[in-house]
Amino acid sequence: MSILLSCLRLLPPELAHSVALNALKLLYQLNLSQLLFPHKNFQQEFTLKNLTFKNRLGIAAGLDKNGDFIDALGSLGFGFIEVGTVTPLPQTGNPKPRVFRFPSQNAIINRLGFNNKGVDYLVEKIKKRKFQGILGVNIGSNKDSEGQKRIQDYVDCFKKVAPHADYISVNISSPNTPNLRALHSQENFVPLFRALSETAETLAYQGPIFIKLSPDEKDETIQSLVMAIKQFHFDGVIVSNTTINRENISLKKNGGVKGGLSGRPLFNQSNKMLDIIKNEEELIKIGVGGVFTKNDFAEKQRLGASLVQIYTSFIYEGPQIIKKLLH
């Protein structure tokens with residue numbers, strides 16, 4: 001596995017990502033996944049909001065944006081999978097290159113920009129899945145949508161994925177879509193939350209709804225968001241998305257790269273956010289950001305996370321990271 005990962009690192013990051021996922025898909029189709037990556041010991045079943053999870057470890061949104069690899073990822077032992085971010089219409093995202101590795105620091109910077117094949121494509125993939133575990137869908141808006149149209153994008157995605165998603169997460173925190181993080185301001189998030197709350201009520205949607213937060217907001221902004229999340233009877237938060245903060249990483253190469261930073265340098269920053277809302281016991285918290293060791297996994301839970309997601313550590317270490325965290 002280490003030799004394969006080393007070979008993948010010789011490829012451009014986005015190409016390596018595609019090659020790796022398609023290789024996992026091939027292994028799954030050949031019934032080799034569980035032989036190569038056994039996970040009988042990963043069962044730590046528990047129930048949350050009427051959903052039964054095999055264990056507390058999931059894959060974060062962004063790895064499988066279009067639902068092309070749900071079954072392959074599900075065969076590795078994750079307790080849950082989150083796909084997306086998905087938008088109403090397909091979009092190509094930002095110009096390449098747009099993914100940058102910093103392996104010595106276990107970090108990645110991406111400025112992908114919600115590249116995806118659109119919500120209709122994703123829904124068709126979800127309908128065909130064999131994976132029986134918990135599946136979440138992360139929704140967003142198209143790049144050129146503004147104002148009420150941006151809100152409508154979220155509503156349109158919500159309506160289409162609701163019949164097929166165990167939970168829905170609302171991405172208001174990517175740094176790679178212009179002005180998306182403006183949804184952290186009260187005059188913007190209240191109309192969005194109201195529209196989604198009304199949509200969920202109309203559809204009689206029973207699954208959890210999570211708001212995915214930026215780690216770069218002030219404490220008072222987070223508190224305002226938490227109050228609104230409770231006011232509109234959403235279920236929890238995902239803490240956190242990537243950061244534009246560069247204080248915790250050395251950027252000798254690609255120093256001027258813009259985009260969201262994930263991986264080890266995000267660990268403490270995302271943990272500080274978790275700590276701020278740790279006592280909001282009625283909210284379910286999904287902790288994500290920089291989880292590479294069993295101690296990291298435990299620290300997220302100590303800070304109140306019922307569930308933990310990984311992304312960058314999976315990119316760098318492959319399926320072996322699951323055993324490392326859960327065994």
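Is Phe158 buried or exposed? Some notes on that residue and a few others follow, with the reminder that this is a predicted model.

1. Phe158 counts as buried, because its relative accessibility is 0%. The residue belongs to helix H6, which covers residues 147–161.

2. A search through the whole structure turns up ten aromatic pairs. One of them joins Phe158 and Tyr205: the ring centres are 5.4 Å apart and the planes meet at 75 degrees, so this pair is edge-to-face, the cut-off for that being over 60. Tyr205 sits in the loop between helix H7 (186–203) and strand S9 (209–212), so the pair with Phe158 in helix H6 ties together parts that are 47 residues apart in sequence. Tyr205 is buried as well, with 13% relative accessible area.

3. Ser306 is found in the loop between helix H10 (294–302) and strand S13 (307–310). Its relative accessibility is 19%, and since buried means under 20%, Ser306 counts as buried.

4. One more charge over a ring for your list: Arg264 lies over the face of Phe267, and the distance to the ring centre is 4.5 Å.

Methods. Residues are numbered from 1 along each chain as its sequence is written. This is a predicted model: local features need pLDDT of at least 70, side-chain atom pairs count only at pLDDT 80 or more; totals for chains, interfaces and linings use all residues. Side-chain values use heavy atoms; hydrogens and water are left out. Helices (H or I, at least four residues) and strands (E, at least two) are DSSP runs, numbered from the N terminus. Buried means under 20% relative accessible area, exposed over 50%, partly exposed in between (1.4 Å probe, protein chains only). Rings of Phe, Tyr and Trp (its six-membered ring) pair if their centres lie within 6.5 Å; planes under 30 degrees apart count as stacked, over 60 as edge-to-face and the rest as tilted. A charge sits over a ring if NZ of Lys or CZ of Arg is within 6 Å of the ring centre and within 35 degrees of the ring normal.
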